Amino acid sequence: QVKLVESGGGSVQAGGSLRLSCAASEFAYTYSRYCMGWFRQAPGKEREGVATIGRERRASYADSVKGRFTISKDNAKEVLYLEMNNLTTDDTGMYYCAFSMGGYCDLQADFTYWGQGTQVTVSI
């Protein structure tokens, strides 16, 4: 079973930056096909996709974060990152990293392994 642990969340003022990390275990990156992603959920709202990255580092972003967030990964360390810049209050939420076996990452249902989440709070 793939295990994921997020870190790097916290409180920041609008316009600031944070970098989230997600450490994977059990050699998740050795799978021939997989997709990693970041999701977030604000209070009272549905969980939404933020960014995904495939085994070959092709990345996709939600329109709301394009140009501000960057997803990347370190294959050797099996760590997924999310660089978050120019944060706004709309970015507040619980952020989760997730792993999709088979390389499918078009739907949230494709992601079968999830971390516990890390809270990001952006104040005015």
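Strands and helices are DSSP runs numbered from the N terminus, with at least two residues (E) for a strand and at least four (H or I) for a helix. Strand 7 pairs with strand 8 (residues 79–84) in the antiparallel sense, over 6 bridges; two strands pair if DSSP finds at least two bridges between them. The two strands form a hairpin with 4 residues between them, and Glu 78 in the turn has a positive phi of about 55°.

The side chains of strand 7 (residues 69–74) alternate. Buried denotes under 20% relative accessible area, exposed over 50%, and partly exposed the range in between (1.4 Å probe, protein chains only).

The model contains 1 disulfide, defined as a pair of cysteine sulfur atoms within 2.5 Å. The sulfur atoms of Cys 22 and Cys 97 lie 1.9 Å apart. This pair links distant parts of the chain, 75 residues apart, with Cys 22 in strand 3 (residues 18–24) and Cys 97 in strand 9 (residues 93–101). The disulfide is right-handed because the torsion about its S-S bond is about 50°. Cys 22 is buried at 0% relative accessible area, and Cys 97 is buried at 0%. Cys 35 is buried at 1%, while Cys 105, at 24%, is partly exposed.

Residues are numbered from 1 along each chain as its sequence is written, and side-chain values use heavy atoms, without hydrogens and water. As the model is predicted, local features need pLDDT of at least 70 and side-chain atom pairs count only at pLDDT 80 or more, while totals for chains, interfaces and linings use all residues.
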